[in-house]
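Colleague: I should like to learn how to read a model of this kind, feature by feature. Please give the general idea each time, and then the case at hand.

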Amino acid sequence: MSVYTRLDDDELSSLLAEYDLRLEASKAAPHGIENSTWLISARDQGGAPRPVVLTVFERFSEATLSPYLTLLTTLARGGLPVPAPLTDRAGHCMRQVAGKPAVLVPWLSGRHCFRPEAEHCRQVGAMLAALHRQPADSARALPNERARLADFAEHLCRLGDDDRHHARRLLRYWRKVPPGDAVIHGDLFRDNVLFNDSGRLTGVLDFYNACLERPEYDLAVALNDWAVSAEGRPVPRREAALLAGYRDAGGVYEAGVLELALVVAALRFWLSRLVGPVSGDAEGQGSKDPAEYSRIFGYRFEALSQRYEL
Ligand SMILES: Nc1ncnc2c1ncn2[C@@H]1O[C@H](COP(=O)(O)OP(=O)(O)O)[C@@H](O)[C@H]1O
Ligand SMILES: N[C@@H](CCOP(=O)(O)O)C(=O)O
């Protein structure tokens with residue numbers, strides 16, 4: 001759970017009134033790191049339940065947030081199960097709360113699956129294939145992951161000598177791989193996907209790392225979270241299921257690029273966790289454990305260096 005901005009019921013009620021909704025109850029979202037998020041039970045003017053989620057963005061300006069909202073609206077129109085922003089009475093899909101940009105979206109049903117089976121992974125692969133087919137124009141205005149990676153690479157000095165050396169060589173190789181123009185999620189971890197009680201995927205959240213990139217990179221981000229053991233070792237059965245789901249749904253990837261992307265994506269989240277918010281700044285968890293991604297990086301790098309001269 002992370003809540004950096006505090007809002008009382010009166011403040012929430014007045015905000016909801018702008019959407020013609022009445023507050024019933026609210027709670028802070030139990031997962032999440034960067035933003036302040038409330039899960040809200042509300043009713044519309046006819047008294048029908050309208051569960052919604054309010055996110056107050058702690059770091060984004062309105063100008064930064066705006067293209068992500070456009071993307072979400074496009075994806076929802078394209079039939080993907082994503083939380084497109086609701087519009088208020090004045091027709092705006094973004095408001096100011098405590099001086100920060102805030103967005104209200106539908107509360108999608110389902111729960112996170114933190115112990116995925118092959119079938120969950122297969123559905124995640126299929127969903128990624130559907131996402132990667134979306135029109136590139138919907139994501140052209142978004143900051144790209146290569147630039148983000150270059151910023152994180154400024155912190156390579158925080159790694160040990162061997163890892164830093166490996167990481168530098170790896171990034172040199174990655175820079176030679178031309179960025180693709182698939183619409184990628186960029187952060188498709190288990191806490192960004194929802195499944196219903198029958199195990200069917202019902203929602204994909206948190207598109208705030210979305211951009212245009214190679215599909216292999218998005219697959220790598222997902223595989224490093226959905227298809228590794230608690231110790232960070234790859235789990236071949238889940239890995240194969242996610243990739244089969246992707247291919248069966250029409251997705252195409254290059255195996256050689258994926259091998260490289262798996263190590264790059266592991267490094268990226270190791271670094272972002274090292275430099276992310278620490279618990280204590282928030283009423284919540286703060287950044288997740290960097291050591292988890294140092295282990296994943298170690299296994300992925302070892303596998304890659306067995307096949308290539310790095
Ligand atoms: N539209 C939604 N429907 C259902 N649950 C949501 C929704 N938005 C957020 N959540 C829940 O809130 C958590 C945190 O939201 P998120 O936007 O990922 O915050 P952060 O950016 O801080 O990680 C998610 O992991 C999910 O459990
Ligand atoms: N999935 C990332 C954390 C991303 O943070 P968020 O606030 O965008 O959910 C990780 O596990 O490091």
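Colleague: Into which domains is the protein divided?

Modeller: Domain bounds come from an automatic or database domain assignment. In this predicted model, the protein is divided into domain 1 (9-106) and domain 2 (118-307). The contact between them takes 14 residues from domain 1 and 20 residues from domain 2, where two residues are in contact if their C-beta atoms, placed from the backbone, lie within 7 Å. On the side of domain 1 that touches domain 2 there are 10 nonpolar, four polar and no charged residues. For these classes, Ala, Val, Leu, Ile, Met, Phe, Trp, Tyr, Cys and Pro count as nonpolar, Asp, Glu, Lys and Arg as charged, and the others, Gly among them, as polar. The C-alpha centres of the two domains lie 26 Å apart.

Colleague: What conventions and confidence values should I keep in mind?

Modeller: Residues are numbered from 1 along each chain as its sequence is written, while chains are lettered from A and ligands numbered from 1 in the order in which they are written. As the model is predicted, local features need pLDDT of at least 70 and side-chain atom pairs count only at pLDDT 80 or more, whereas totals for chains, interfaces and linings use all residues. The term pLDDT denotes the predictor's confidence in each residue, from 0 to 100. The protein averages a pLDDT of 94, and 95% of the residues score at least 70. For the complex, the predictor gives an ipTM of 0.94 and a pTM of 0.93.

Colleague: How many bridges join strand S1 to strand S2?

Modeller: Helices (H or I, at least four residues) and strands (E, at least two) are DSSP runs, numbered from the N terminus. Two strands pair if DSSP finds at least two bridges between them. Here S1 (residues 21-28) and S2 (residues 36-44) run antiparallel and are joined by seven bridges; Ala-28 stands opposite Trp-38 in S2. S2 also pairs with strand S3 (residues 52-56), in the antiparallel sense, over five bridges. In that pairing, Ile-40 stands opposite Val-52 in S3.

Colleague: What do S7 and S8 form?

Modeller: S7 and S8 form a hairpin with five residues between them. Three bridges join these antiparallel strands, and the bridge partner of Phe-195 is Leu-201 in S8. In the turn, Gly-199 has a positive phi of about 85 degrees.

Colleague: Which residues other than glycine have a positive phi?

Modeller: Asp-20 is one of them, with phi near 60 degrees, and Asp-206 is another, also with phi near 60 degrees. Asp-20 lies in the loop between helix H1 (9-17) and S1, and Asp-206 in the loop between S8 and strand S9 (211-213).

Colleague: Is each of these two residues buried, exposed or partly exposed, and why?

Modeller: A residue is buried if 20 or more other C-beta atoms lie within 10 Å of its own, exposed if 12 or fewer, and partly exposed in between; C-beta atoms are placed from the backbone. Asp-20 is partly exposed because 13 other C-beta atoms lie within 10 Å. Asp-206 is buried because 24 other C-beta atoms lie within 10 Å.

Colleague: Why does the span of helix H3 agree with its number of residues?

Modeller: The expected span of a helix is 1.5 Å times one less than its number of residues. H3 (residues 118-132) has 15 residues and should therefore span 21 Å; its end C-alpha atoms are 21 Å apart, which agrees. Of these 15 residues, 12 are buried, including Cys-121, Val-124 and Leu-128. The buried residues pack against elements that include strand S6 (182-184), helix H6 (215-226) and helix H7 (236-248).

Colleague: How many residues of H6 are buried?

Modeller: In H6, 12 of the 12 residues are buried, so this helix is largely enclosed by the rest of the structure. Among them are Tyr-217, Asp-218 and Trp-226.

Colleague: With which residues is Ala-139 in contact, leaving aside its neighbours within four places in sequence?

Modeller: Ala-139 lies in the loop between H3 and helix H4 (145-153), and its contacts beyond those neighbours are Leu-71, Val-183, Ala-210, Cys-211 and Leu-212. Ala-139 is buried, because 24 other C-beta atoms lie within 10 Å.
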